Amino acid sequence: MENVNVKINGREYSVPAGSTILDAARVAGVEIPTLCYLKEINEIGACRLCLVEVKGARGLMAACVTPVTEGMEVFTNTEKVQKMRKTNLELVLSTHERKCLSCIRSRDCELQKLCRDYGVEDEEHFKGKVNHMPKDESTAFLVRDNDKCILCRRCVGACKNMQGIGAISALDRGFDTHIGSAFEMPLGATSCVGCGQCVVACPVGALYEKDDTAPIWAALNDPTKHVAICTAPSVRATIGECFGYEPGTDVEGKMVAAIKRLGFDGVYDMNVTADLTIVEEAHEFMERFTKGENLPLITSCSPGWIKYCEHYFPEFTDNLSSCKSPQQMFGAMYKTYYAQKHGLDPADIVFVSAIPCTAKKFEVRRPGQCAAGEGIYDVDYAITTRELARMIEKAGVNFRALPEEAFDQPFATRSGAGEIFGATGGVMEAALRTAANAILGENLEKVELSDVRGTDPIKYATYKLGEHTVNVAVASGTKNAGELLNKIKAGEVKVDFIEIMACPGGCVNGGGQPVQSAAVKATVDLKAKRAAVLYNSDANNEIRCSHDNPAVKKLYENFLGEPGSHKAHEVLHTYYIKRGL
Amino acid sequence: MKLSELAAIKEKMQGVVAIRKGEKVEQKERIHVLICGGTGCTSSNSVKIADLMKDELAKAGIADEVKVVLTGCFGLCALGPIMIVYPEGIFYSAVKLEDVPEIVNEHLVKGNIVERLLYTDEITGEHVHSLMDTRFYKSQKRVALRNCGNIDPENIEEYIAKDGYAALGKAITEMTPQDVIDTMKASGLRGRGGGGFPTGNKWQFAANSVSDKKYVVCNGDEGDPGAFMDRSILEGDPHAVIEAMAIAGYAIGADEGYVYVRAEYPIAVRRLQKAIDQAREYGLLGKNIFGTGFNFDMHIRLGAGAFVCGEETALLTSIEGKRGEPKPRPPFPAVKGLFGQPTIINNVETYANVAQIILNGVEWFTSMGTEKSKGTKVFALGGKITNTGLVEVPMGTTLRTVIEEIGGGIPGGKKFKAAQTGGPSGGCLPASLIDTPIDYDNLIAAGSMMGSGGLIVMDETDCMVDIAKFFLEFTVDESCGKCTPCRTGTMRLLELLEKITEGNGELEDIDRLEELSKYIKSASLCGLGQTAPNPVLATLKFFREEYVAHVKDKKCPAGVCKKLLNYYIEADKCKGCTACARKCPVGAISGKVKEAHTIDTTKCIKCGACIATCKFNAIYKG
Amino acid sequence: MKKKMTTVTFAGTPEQELKLDAAIEKYGKDEGAIMRILQDAQEIYGYLPIEVQRMISIKTGVPLAEIYGVATFYSQFSLNPKGKVAISVCLGTACYVKGAGPVMEKICELLGVQPGETSADGKFSVDATRCLGACGLAPVITINEDVYGKLQPKDVAAVLAKY
């Protein structure tokens, strides 16, 4: 691409044509403040914080949406610009509930940082009318607190533009403008799927996960309870970001060590039940594939996707794999098999999962997720990566200083296939490794299936396995999922097996992951960096296929029998609801 | 349709033109009665008057000799309903239903003018026979409004009779698209809807954009409260807009147009739709116009009550069916507009000039106006003025001419205080600037703007702080809520004004008003926010002492701001009748019978009941 | 102004739904369909309750929240059934300086409502409207199709009594 020459604060730079002033300033090492801008998701020029002076322009220009032109001279830090930013922030504060001390975003609030940078001392400079709104706590997964909302609309962009859902929108007009659902319905009454992408888009504390740590603390302090936890594959790749590590740092050992210091009776690796899921799902696929029934089979690990399917594509619920997600399989096995083996009453077990996901908070209370008996949920609480990090902080555990420790047995052995679950395409790759073995009678020579890797929205691949040809598709992000399903409905695409993750890029980019600022999101490929941790771990694992995981084999030998057995169905499978809109 | 067919229609219609020029024509239909069917006169029964007239004509047996036409707005709305009888050109005003039989029997049958219904000159007190002889019309120059009140807007042949569609014919058969654009550039025509951007340049940008699909859009979302020229043009001469849009389409390479009209203008919408249908029927819209291979068609889209949709990017977003929120520019609509395609947007009045410029030439157009503002401008004259209505004057006409001559001055012997122009985006011109020639640049220099041409006259009883507050209330209500400076900033401005008008202001609030106003102007996303503080800044500039009086003395000099008023009884006038004391709901008035009463201002709730009761005008506010 | 929602039970008829379907059919494939569908829907039902907006959402595939966002952006869309007698008071500048404010106050006082509300008996609804363009008659109010100009507060009671 050709370049254009621009001057930023008096110095000359050559930047790619089509860059915005904001991009160009980054080339110059200058970060222009923004609040509403979220690259490719919300480019609306609304907050007016990024206004800069451009020589010869009639007025100030919004750096986030104004493309540079040859010879453009930009001034990002003039007295006028700085004064305007301060006034802007003062106006924003005048409608923002300033409970900053206890705010969940207290240390990573983008507004707070800017107020400090620009010396906003008088928080009440523009004191005036405020539209108070009640908090929306109607869902299991997130809280909307409009009193803190600054109307940047990043959440709306994430929900509509990125996820193709539009459960929330800007409503009313002028000073009464606010973000909400149709007819001010609580979010829980809408077809919101709980993916949490709005939460990680929010620059302030107006959107956050429903905090489930309080009952966990209570259980940990209750000697009559047996409290166990398992962590999802991607959490080890991201939780380091909460403790100052660069994105893409694998902190598994320290994470395990930290959790152990919280007082859990068992700290386990969910990768084992990821492997278990694959063995069950591959079996299910082979059954449907040979019979030609309910194809394409669609994966069911992502609860946001499941809810999306139930609302928007109820005609596809029979195509969903009936396998529970790894989280639910873990809880189910723990409260049946493990409880039996160790003489524990399942009612006394509090099982927690740490996940990159807000929708999993909804999944734990779905019907058909009580393997150990009526009212005994497979998983009691699902907490996000962020909540786990907060628990560690609250306990005063010095994460960075900890030694590396290992997960507890008997669920510590995992395959590389289970590890890559956290990235888009990972479940497909893992399932194909096992399905191939079932068809060919041996493992693939080359288990890395690069066609289904990477962060493309929709990926297609065809595999020749002996005399069978298997067509697969992988989609991440509900908008892309919808696009794929519509193509299938229209007969434009014919595939046998589909992996769908609700969040673009898969779990590594889940709505429960550490929040990064818009600036970081614009400059760092978080999805790829985080996914790399998982693919490295797979590459370094001697066991590459789920069915080869000895821990899984043992589960079948000791408890489940065969994949797809009656027992397996009792414990590891579930059903879905046609919700509609 | 071929050009020759157009000419034939024009030829056929020359009798009609002649009668309305005042020429006696030897034909059966010897009299034309034109009745204003604009919104104003329709509101005062003009349609019923027309119907009744037809009945009366039938009764009198002269139905086939008299043609009754409902036209668009004549402009002199204050005197509606208005009726003109041609060929004499007799001008009747404030006609009532009961006057109709007399007009028919005396004037139309016997030829006796009904003197009592004639317009009376406000200064000489004499009857004026012809509309054109009124002071109101004499100083006007009607270009955009030339057909309003003169033709039947629902009859395309009357438009053709007056050179209608000849400019389109000329443009697409004799001129290249670039010729058309060059003509527009040379004419110096500037956008009549707001900022005054040169129309030719706008067309050039869109013509330069390469695309298979382009659009021509007409902004008829006239939102400036107190301006109604666009409505009048659409009601009175809809084909002028259609023709101009087709010319614009030819110039920039577009084959599709949209007119975005306020839904509050039902008559305009109906007439425009009828005009579009007729133009299609006559082959003046559609495929292969005048056999040249040029295609152009258009649609109407209705607004739904959002002032911000007058802003061009918001208007386009609204046509796309979404919340009418503006978008940052660049990209400009000429590059990426409606549905992402190159688009030009001009307002109704701008389009109404286009065909005239093509037909009469650049020199004719540039002979009117000032150096940088060519042509004429239509103003909607309202407020404290005798001749409320629509006036069109050459650019550069002074405010004094408009107010004193055309407008007939201020009623009730009150003193002129200021003229508000540009609506909520504009400012005001104080009495000291009454001799300023009105054009784009002078208005901007005075801290106001042309806007769409609302001109509201205010007298000494209008409080300028209250007026600023009125406009801010409007802006706060109409702000789209997208950008912070406008959404929150205008609310904070309004709160400061409320504080001041309620008597709680401090001197530093005036500085804060100024500071915040300047911030909102330079930081807002679109024209609405960027001009929203103008009413504050302009009134501060010319009437700062009025703000100071509110803040320092806690007084409203004009006697408008309720909370700053106290009620007093003039002892000399009070007869001690006790009526007020009995009426006062809070017992604030005391006094002995037949002695002067007094009001306890600490108890008084300023409800005004006492003033309404007093028969001796003894109670005053101050 | 924040839009007020109705408490009136929806009583749409199958005939109305057929008309709505026809409108969606007519505009459905048009890119700018939602506003036009809402305009027609308001004609058909008199207002835009959730039941109507939901039908539009399901039939067009446009998210309900987005439709509601459009409906609450434009002041002409109503979430409330209008009264049988719909009063609009012009609050344009010309009307304002000629005393539209006191006229509005008087109307509201007589009917016991606020602007934007419908009277308790459902008979009258009162709205402030932007300039009607009848500035020559300022201050102006419209009641259904009728226009009343040069109105003073003292005239209001007599005008309302006609309905």
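A nonpolar core is defined here as a set of buried Ala, Val, Leu, Ile, Met, Phe, Trp, Tyr and Cys residues joined through side-chain atoms within 4.5 Å, where buried means under 20% relative accessible area (exposed over 50%, partly exposed in between; 1.4 Å probe, protein chains only). The model is predicted, so that local features need pLDDT of at least 70 and side-chain atom pairs count only at pLDDT 80 or more, whereas totals for chains, interfaces and linings use all residues. Residues are numbered from 1 along each chain as its sequence is written, chains are lettered from A and ligands numbered from 1 in the order in which they are written, and side-chain values use heavy atoms, with hydrogens and water left out.

The largest nonpolar core has 101 residues, and Y165(B), W203(B) and Y351(B) have the most contacts inside it. Helix α12 of chain B (residues 238-252) gives this core its largest share, eleven residues; helices (H or I, at least four residues) and strands (E, at least two) are DSSP runs numbered from the N terminus. Leaving aside residues up to four places away in sequence, Y351(B) touches, among others, W203(B), V216(B), V217(B), A244(B), M245(B) and I344(B), a contact being heavy atoms within 4.5 Å. Another core, of 67 residues, lies apart from the largest one and includes C323(A), A551(A), V552(A) and L555(A). In soluble globular proteins, nonpolar side chains tend to be buried together.

Chain C comprises seven helices and four strands, in the order α-α-α-α-β-α-α-β-β-β-α from the N terminus. Its C-alpha atoms fill a box of roughly 50 × 30 × 25 Å along the principal axes. Of the 163 residues in chain C, 52% are buried. Among contacts in chain C between residues at least 6 apart in sequence, 61% join residues at least 24 apart.

The contact between chain C and chain B involves 35 residues of chain C and 52 residues of chain B. The buried area, the accessible area (1.4 Å probe) that two parts lose on being put together, summed over both, is about 3300 Å² for this pair, with 55% from carbon and sulfur atoms. On the chain C side, F73(C), T93(C) and R130(C) lose the most area to chain B, together 23% of what that side buries. Helices α2 (33-45), α4 (64-73) and α5 (93-97) of chain C each supply at least two residues to the side that touches chain B. For salt bridges (a side-chain nitrogen of Lys or Arg within 4 Å of a carboxyl oxygen of Asp or Glu), the count across this interface is zero.
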